[in-house]
Amino acid sequence: MGKVMATRKVIMDRDDIDRTLNRIAHELWERNRGAEQFVFIGIRRRGVTIAHRLSKKLREFERVSIPVGALDITLYRDDLSEIASQPVLKKTEIPWPLNGKKVYLCDDVVYTGRTVRAALDSIHDLGRPEAIRLIVLIDRGHRELPIEPNYTGKYIATTKQELIEVMLEEDDGIDQVVLVQGL
Amino acid sequence: MELRHKNLLGIEDLSPEEISLILETASSMKEVSSRDIKKVPTLRGKTVINLFFEPSTRTRTSFEIAGKRLSADVINISSSSSSVVKGETLEDTGKNLQAMNPDLIVVRHPSPGAPHILARTLNASIINAGDGAHEHPTQALLDAYTIQEKKGKLQGLTVTIVGDITHSRVARSNIFLLKKMGAIVRVSGPRTMVPPFIESLGVTYVPELREAIRDTDVIMMLRIQLERQNQSFFPSIREYARCFGLSLPMLEHARKDVVIMHPGPVNRGVELSPEVLNAPYTIILDQVANGVAVRMALMYLLIGR
């Protein structure tokens with residue numbers, strides 16, 4: 001698989017990620033001050049981690065407690081017949097009604113937009129939120145659907161052959177974003 | 001981890017890892033059943049046929065609901081209303097169904113091995129929903145799921161299965177599964193209804209019910225097939241109920257935290273006294289609820305891609 005040729009470039013380290021999430025948390029609060037009815041929903045698995053971190057930051061900065069839900073989009077994917085191995089199904093945990101809420105949907109990377117499409121369909125079946133906004137740590141381009149994030153940590157121009165690896169302490173033991181080239 | 005099988009014909013073919021995967025997937029599926037909109041689009045465009053050559057309420061409905069919650073199209077065929085009564089063979093029925101290109105056929109049949117014959121000749125996936133006295137794998141999986149939900153694990157638990165062991169596909173599948181997952185299994189029942197050499201399956205036979213239920217975590221009662229009564233496996237129903245039925249006085253010999261299961265349909269007052277049947281430690285309806293989740297998990301794992 002040409003593994004010999006692959007190069008790995010760290011494009012964000014722990015401090016970069018933290019600074020970026022701080023910025024997003026501040027920006028989000030500035031635009032939503034006083035709006036009590038908003039919630040975070042993370043897309044499993046690293047989107048959930050990002051959602052928890054943003055909620056924690058808002059608790060520290062603003063002393064507000066924003067609930068965090070977890071969404072597994074496996075059952076809504078449009079590519080189950082195409083991918084090599086069947087994903088292991090995880091639980092969706094959104095223990096409150098979504099009707100009338102403003103949902104901040106979090107994910108680590110937005111790429112084709114198909115994951116977000118699946119998440120939107122899934123949320124639609126869970127209730128009728130007042131609005132859904134999208135937060136991503138990395139936007140790497142190449143959208144196949146008309147979907148754009150409202151809050152982007154960092155835009156990274158990539159080719160389709162490259163790979164973005166987001167690693168987060170809680171899931172992977174380290175905070176970093178790596179660009180893998182020459183796969 | 002994936003379920004690398006086309007069919008689910010018996011627990012005997014599954015590894016402990018595969019059983020764990022099915023149970024884990026089922027717990028995610030259970031959440032879907034708790035939503036306001038109890039439906040996800042995963043099996044859109046897939047066709048599931050329930051082919052039942054024996055009467056069934058629970059199992060057939062459970063498979064039907066499972067398929068519908070995953071957006072599959074589910075068709076039910078029961079032998080009484082099909083060409084079987086006109087003398088068509090199983091294989092011909094199978095081939096005719098295959099010609100309509102279903103993705104999954106769920107089969108219940110009085111003859112052991114019937115699902116295996118279909119699995120060999122058809123392209124569709126096959127789930128065995130009970131074949132004679134052989135296996136009933138989805139029942140064992142939903143039982144395991146329910147035990148795990150109540151007790152937090154399977155490994156190291158003691159499970160006592162009581163009743164007609166010889167004629168029970170539920171007992172056989174449960175013994176296979178529980179042994180694979182590291183549980184200790186006892187069986188109890190009239191000697192006439194326990195096969196000789198049952199110990200070769202790695203279980204202990206304890207003839208006295210009060211001894212069999214002492215220090216056990218789970219009691220699994222099997223249905224007495226009243227239709228077999230003319231074969232004289234025991235003198236009378238009343239005697240069976242007295243010796244092998246669970247009543248409140250009998251339960252004095254069991255642990256306080258024991259749970260009681262039954263695959264249904266219950267002969268009220270035979271296997272379980274009405275007081276025991278309605279008690280909170282009797283988790284028969286949890287079994288039924290979990291059956292849907294387990295069957296959704298199997299459909300996703302077998303034909304979800």
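Colleague: Let me start with a pair of strands: in which sense do strand β1 (residues 47–52) of chain B and strand β3 (residues 104–109) of chain B pair, and over how many bridges?

Modeller: They pair in the parallel sense, over five bridges. Strands pair if DSSP finds at least two bridges between them, and strands (E, at least two residues) and helices (H or I, at least four) are DSSP runs numbered from the N terminus. For one such bridge, look at B:I49, whose partner in β3(B) is B:I105. Please keep in mind that this is a predicted model, in which local features need pLDDT of at least 70 and side-chain atom pairs count only at pLDDT 80 or more, while totals for chains, interfaces and linings use all residues. Residues are numbered from 1 along each chain as its sequence is written, and chains are lettered from A and ligands numbered from 1 in the order in which they are written.

Colleague: In what order do the four strands of the open sheet in chain B run?

Modeller: The order is β2-β1-β3-β4, with parallel pairing. At the edges are β2 (73–78) and β4 of chain B, each pairing on one side only. Neighbouring strands of the sheet are turned by 15° against each other on average, direction ignored.

Colleague: And how should I read two packed helices?

Modeller: They are described by the angle between their axes and the distance between the axes. Here, the axes of helix α5 (residues 137–151) of chain B and α11(B) come within 8 Å and cross at roughly 115°. Axes are lines fitted to C-alpha atoms, for helices over the stretch in contact, with angles from 0 to 180 degrees between N-to-C directions.

Colleague: Which residues of α5(B) and α11(B) meet?

Modeller: Among them are B:L141, B:Y145 and B:E149 in α5(B), and B:N290, B:V294 and B:L298 in α11(B). Contact requires C-beta atoms, placed from the backbone, to lie within 7 Å.

Colleague: What does the domain assignment of chain B give?

Modeller: It gives domain 1 (11–135 + 291–303) and domain 2 (137–287), with bounds from an automatic or database assignment. Between the two domains, 21 residues of domain 1 are in contact with 19 of domain 2. The elements giving two or more residues to the domain 1 side are α1, β4 (125–131) and α11 (284–303) of chain B. The C-alpha centres of these domains lie 25 Å apart.

Colleague: Finally, how many residues of chain B are in contact with chain A?

Modeller: 14 residues of chain B are in contact with 14 residues of chain A. Helix α1 (residues 16–33) of chain B gives the most to the chain B side, with four residues.
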